[in-house]
Amino acid sequence: MSTALLFTQSFIDGQWLKGEGEFDVINPADNSVLTSVSRVTAAQVEQAIGAAERAFISLKNTSCEHRAQVLERWYDLVMANQQALAELMTKEQGKPLAEALGEVKYGADYIKWYAEQARRSYGELIPASNDKHRISVIKQGIGVVAGITPWNFPIAMITRKVAPAYAAGCSFILKPSEHTPLSALALAHLAHEAGFEAGAFNVLLSDRAKEVGEQLCASEVVRKFTFTGSTAVGRQLLAQCAPTIKRTSMELGGNAPLLVFASADLDKAADGIIASKFRNAGQTCVCVNRVLVDERVAEALTAKLAERVQALRVGDGFSAGVDIGPLIYPGAKDKVLQLVEDALEQGAKQVNQAASLDGNYVAPLLLTNVNAEMRISQEEIFGPVLTVATFSDEAEAIAQANAVPYGLAAYFYSQDISQIYRVGEALEYGMVGINEGLISNPVAPFGGVKQSGLGREGGHQGLDEYLEEKYLCLNIG
Ligand code: ADP
């Protein structure tokens with residue numbers, strides 16, 4: 001594969017290092033091998049931990065202004081290479097090029113935001129309860145951070161961790177998804193060009209995630225672990241972080257409901273549903289997983305959805321006008337088709353015609369008559385399948401929406417202001433889109449409650465995840 005910004009080795013202590021053995025990076029559009037990359041060794045993981053420790057010691061003594069300027073340069077370099085990064089992403093991840101371009105910008109915006117926030121890790125002065133003490137609280141970088149990221153956003157899931165970590169003065173060891181390592185390496189190269197110190201951002205390549213994860217979790221040098229991925233793996237990593245009492249951030253699975261109340265503008269609701277559901281071929285943790293609609297407007301909404309679903313175009317991410325690319329790998333497609341088959345067996349109705357496609361492609365599907373007991377309502381679909389169920393009143397809608405162990409994103413459409421407040425407050429979710437289907441934004445705190453995770457990324461909150469508060473008590477008596 002000839003591409004700009006193509007690297008195939010781990011990046012440790014500012015250098016490209018060949019490991020032992022290789023694994024393939026596959027193009028999901030046709031399951032062909034794009035390139036092979038080198039697998040990191042256990043000794044190199046130790047080397048990265050040592051390098052990150054040294055980098056943290058020197059980063060601690062840099063000014064926030066220095067770190068802000070390095071991040072600003074990184075942002076500029078990412079944007080100057082937007083096209084090349086997007087092409088690399090479409091090759092290894094499959095998403096349509098326009099979406100990949102959008103993700104590069106969105107990912108870069110986290111870098112810009114944390115370049116600005118680097119200057120704002122304000123502490124606090126607290127009035128003392130006696131006349132001798134002067135009490136202040138300062139914020140300091142937590143130390144070496146390790147992170148594991150998924151394949152669905154090969155750039156943004158990295159920048160929303162690495163940028164705030166660096167802004168706080170922390171060094172970072174990243175194990176990106178084995179499905180999308182190339183975007184991660186390109187980002188590290190650009191960060192290094194921008195002035196990241198050797199060891200400040202290391203990238204470890206491995207298709208043996210469990211081993212690398214265990215090694216990073218076991219290290220006493222690593223003080224913070226940040227993960228984006230499935231709830232099952234997050235639960236395991238939390239347990240592995242317990243012996244060394246690490247700080248953790250966990251962005252885990254979701255099961256996003258979208259409620260459409262009778263007062264909703266149904267055209268806007270249908271547009272919002274399509275935008276939220278089919279982005280990234282349905283492979284995001286905040287994609288609408290269940291549409292719940294007031295039975296009085298169900299038929300009208302379904303007709304609008306059917307029209308829009310039929311207009312979506314599926315194909316190779318490099319073809320013009322494509323809305324939906326391939327799923328990430330064959331197993332992902334199998335899982336989606338099994339959920340559909342199960343729902344149809346349990347009485348769901350398929351509304352649109354959907355061709356059976358080759359390779360990792362899945363034609364968008366609209367299913368009605370879906371109920372809460374079906375697997376398709378209980379599991380994250382992670383594919384281009386839209387399901388519609390009905391409710392008869394607000395209380396039932398909220399109960400259905402909250403009746404899952406997850407609590408990442410929820411959405412609802414209503415034009416009744418009292419209802420907007422009531423429902424917004426009643427939904428047990430970390431994020432709620434109201435008359436809006438796309439909510440991710442670098443300035444706002446992204447994260448979940450219940451089994452969707454711990455901590456927030458983005459906003460000023462995202463910087464605090466990498467800072468420790470230290471209380472200083474001065475006796476002036
Ligand atoms: P997905 O199903 O979306 O790939 P995963 O949670 O399986 O979600 O993967 C997200 C990230 O977690 C990837 O980088 C993957 O390599 C990594 N991963 C998978 N299993 C483990 C594990 N047991 N320990 C550490 N990391 C893991």
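## Ligand shell

By class, the shell around the ligand holds 6 nonpolar, 6 polar and 2 charged residues. Here Ala, Val, Leu, Ile, Met, Phe, Trp, Tyr, Cys and Pro count as nonpolar, Asp, Glu, Lys and Arg as charged, and the others, Gly among them, as polar. The model is predicted: local features need pLDDT of at least 70, side-chain atom pairs count only at pLDDT 80 or more, and totals for chains, interfaces and linings use all residues. Residues are numbered from 1 along each chain as its sequence is written.

The ligand is surrounded by 14 residues (C-beta atom, placed from the backbone, within 6 Å). The closest are A209, G213, G229, S230 and V233. Two or more shell residues come from each of α7 (209-218) and α8 (231-241); helices (H or I, at least four residues) and strands (E, at least two) are DSSP runs, numbered from the N terminus.

## Annotated domain

An unreviewed UniProt entry places "domain: Aldehyde dehydrogenase" at residues 16-470. Such positions are given in the numbering used here, feature names are shortened, and annotations may be inferred rather than shown by experiment.

An open sheet is formed by 3 strands in the order β5-β6-β22, with antiparallel pairing; two strands pair if DSSP finds at least two bridges between them. At the edges, β5 (124-126) and β22 (467-475) each pair on one side only.

β5 and β6 (residues 133-141) are joined in the antiparallel sense over 3 bridges. L125 has S136 in β6 as its bridge partner.
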